[in-house]
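I opened my notebook and wrote down what I looked up, one entry at a time.

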Amino acid sequence: MMMPAIPQIQLLPVPGYGPAPLTVGFMLSSPDPETVLQTFIWNFGDGQVSMLPPTAMFHTYTTPGSYVVTVTATTADGHSASSFAGVVVTQPAH
């Protein structure tokens, strides 16, 4: 019996730290080139959620604070994987 392949994903914020307003790019990758991700749920930690399908997403944080960003991706055969990353937004530079 062959076990189904459980997808693995990695989320990288660029930059992960800076003054408000901070626009962060989120790159999503999978170490397995065979993994085809079809649906996505992005949660940016500030109340904003997106179901847009790109594996690279940009989001702007306007309020200083620490945010945990999560993304859950699902493959065509219904297997899901999640990843998270932290973003720290500091006071605006004066």
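**Confidence and layout**

I started with the confidence: the protein chain has a mean pLDDT of 91, and 95% of its residues reach 70 or more. I keep in mind throughout that this is a predicted model. Going element by element, I found the highest mean pLDDT, 97, in strand E2 (residues 17–19), while E4 has the lowest at 92.

Next I looked up the secondary structure, and found eight strands and zero helices in the protein chain. Read along the sequence, that gives the pattern β-β-β-β-β-β-β-β. The C-alpha trace spans about 60 × 20 × 15 Å along its principal axes.

I also noted a few totals. Of the 94 residues in the protein chain, 34% are buried. The accessible surface comes to about 5900 Å², and carbon and sulfur atoms account for 62% of that surface. Among contacts with a separation of 6 or more, 55% are between residues 24 or more positions apart.

**Aromatic pairs**

How many aromatic pairs does the structure hold? I found three. For Phe-26 and Phe-44, the ring centres are 5.8 Å apart and the planes are at 45°, so I logged this pair as tilted. I then checked where the two partners sit: Phe-26 is in strand E3 (residues 22–29), and Phe-44 is in the loop between strand E4 (37–43) and strand E5 (49–50).

Then I turned to Trp-42 and Phe-44. Their ring centres are 6.3 Å apart and their planes are at 10°, so this pair is stacked. Trp-42 has 0% relative accessibility and therefore counts as buried. Phe-44, at 3%, counts as buried because the cut-off is under 20%. Ring pairs join Phe-26, Trp-42 and Phe-44 into a cluster.

**The nonpolar core**

Which residues have the most contacts inside the largest nonpolar core? I listed Leu-11, Phe-26, Leu-28, Trp-42, Tyr-61 and Val-87, in a core of 21 residues. At least two core residues come from each of E3, E4, strand E6 (56–61), strand E7 (65–75) and strand E8 (80–90). As background, I jotted down that nonpolar side chains tend to be buried together in soluble globular proteins.

Leaving aside neighbours within four places in sequence, Leu-11 is in contact with Phe-26, Met-27, Leu-28, Trp-42, Val-69, Val-71, Ser-83, Phe-84 and Ala-85.

**Ser-50**

The side chain of Ser-50 reaches the backbone nitrogen of Leu-52 at 3.1 Å. With neighbours within four places in sequence left aside, Ser-50 is in contact with Phe-40, Ile-41, Trp-42, Phe-44 and Met-57. Two of those names, Trp-42 and Phe-44, were already in my notes as the stacked pair.

**His-94**

My last entry is for His-94, found in the segment after E8. His-94 is exposed, with a relative accessible area of 95%. I also looked up its separation from Pro-64, 30 residues away along the chain: the C-alpha atoms are separated by 14 Å.

Methods: Residues are numbered from 1 along each chain as its sequence is written. This is a predicted model: local features need pLDDT of at least 70, side-chain atom pairs count only at pLDDT 80 or more; totals for chains, interfaces and linings use all residues. Side-chain values use heavy atoms; hydrogens and water are left out. Rings of Phe, Tyr and Trp (its six-membered ring) pair if their centres lie within 6.5 Å; planes under 30 degrees apart count as stacked, over 60 as edge-to-face and the rest as tilted. Helices (H or I, at least four residues) and strands (E, at least two) are DSSP runs, numbered from the N terminus. Buried means under 20% relative accessible area, exposed over 50%, partly exposed in between (1.4 Å probe, protein chains only). A nonpolar core is a set of buried Ala, Val, Leu, Ile, Met, Phe, Trp, Tyr and Cys residues joined through side-chain atoms within 4.5 Å. Contact means heavy atoms within 4.5 Å. pLDDT is the predictor's confidence in each residue, from 0 to 100. A polar contact is a pair of N or O atoms within 3.5 Å; within protein, one must be able to donate a hydrogen and the other to accept it, and residues adjacent in sequence count only if both atoms are side-chain atoms. Accessible areas come from the Shrake-Rupley method with a 1.4 Å probe; for residues, only the protein chains shown count as cover.
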